[in-house]
Amino acid sequence: MGSIVIDEQYEKCRKLLRESLSHKRYMHSLGVADTAACLAMRYGYDPRKARLAGLLHDCAKGLDQKEMYEKVAGAGIEISVMERDNPELLHAKAGSLVAREKYDIEDEEILSSIYWHTTGKPGMTLLEEIIFIADYIEPNRSTIPSLDEIRATAFTDIDKAVAMACRNSIEYLKRDSKQIDRITVDTYEYYDDRIRRS
Ligand code: DGI
Ligand code: FE
Ligand code: FE
């Protein structure tokens, strides 16, 4: 007796994704999907849509640097010097294209949440915030300072959790002497300012 499939689109995407990512990255994606669904329930967003966005947020991680570059440039999306020199940034933009082409996602809110999931941006939509923070706090993530505090905060004050995650990421990038994208800093400043005003 087969199990009851309650969300065919999710199941179809999940199976396809499993074939294109490493096991570790696939497990991370499932963790982000579940966490995004929980956050959606908390903040009054459609949990199925959040779960699908979470599942697919890293769908371009299986591509190599050249494939990502060509895909993004081929779509007419501008690639900054920062993105050219730090290709780990590009999987977000490439991911929104892969989600559209390979996973048949047409929902612009989902595509946008994938597009912005790595750097965030000032004034994110609720779904963009959910995916940004779910990526950070999902259960399979480990060894991040203040993770327990950010996990709890995500369910009480999502703006504050975004600011905390951004601050941590910037500190980590500085410690590792990595180049920091302007938009990563802008995201932090925007959310830090927002929580100070609240
Ligand atoms: O794809 P994940 O590992 O799940 O998480 P992610 O999409 O947040 O990507 C994290 C990577 O992106 C991590 O290696 C840090 C990097 N990153 C985020 N913002 C910046 C950045 N790397 C650089 N060089 N500059 C940034 O501003
Ligand atoms: Fe990512
Ligand atoms: Fe991720």
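1. The largest pocket has a volume of about 1,200 Å³. A pocket here is an open set of points on a 1 Å grid over the protein atoms alone, where a 1.4 Å probe fits, with protein on both sides within 12 Å along at least five of seven lines. Volume is the space filled by probe spheres set on the points, which are joined across faces, edges and corners.

2. This is a predicted model, in which local features need pLDDT of at least 70 and side-chain atom pairs pLDDT 80 or more, while totals for chains, interfaces and linings use all residues. Residues are numbered from 1 along each chain, chains are lettered from A and ligands numbered from 1 in the order written, and side-chain values use heavy atoms, without hydrogens or water.

3. What lines the largest pocket? There are 37 lining residues (an atom within 4 Å of a point). Asp135, Tyr136, Arg141, Ser169 and Tyr172 lie nearest the centre of this pocket. Helix H2 (23-43), H8 and helix H10 (158-175) each give two or more residues to the lining. H10 gives the largest share, 8 residues. Helices are DSSP runs (H or I, at least four residues), numbered from the N terminus.

4. By class, the lining of the largest pocket has 11 nonpolar, 14 polar and 12 charged residues. Asp, Glu, Lys and Arg count as charged; Ala, Val, Leu, Ile, Met, Phe, Trp, Tyr, Cys and Pro as nonpolar; the others, Gly among them, as polar.

5. The second largest pocket has a volume of about 180 Å³. Its lining includes Glu83, Lys93, Trp116 and Asp181. The classes are 5 nonpolar, 3 polar and 3 charged.

6. Which residues hold the iron ion (ligand 2)? Asp58 (OD), His91 (NE2) and His117 (NE2) coordinate this ion at 2.1 Å. Donors are N, O and S atoms within 2.8 Å of the metal (3.2 Å for Na, K and Ca); water is not among the atoms, so sites may look incomplete. The iron ion (ligand 3) is 3.5 Å from ligand 2, and Asp58 coordinates both.

7. His91 is buried at 6% relative accessible area, and His117 is buried at 2%. Buried means under 20% (1.4 Å probe, protein chains only).

8. Ligand 1 is surrounded by 17 residues, each with a heavy atom within 4 Å. His117 is among the closest. An oxygen atom of ligand 1 is 2.7 Å from a side-chain N or O atom of Thr118. For the Arg141 side chain, the distance from a ligand 1 oxygen is 2.9 Å. A backbone N or O atom of Gln179 lies 2.7 Å from a nitrogen atom of ligand 1.

How values were computed:
Buried < 20%, exposed > 50% of the residue type's maximum accessible area, 1.4 Å probe, protein only. Polar contact = N/O pair within 3.5 Å; in protein donor to acceptor, adjacent residues only side chain to side chain.
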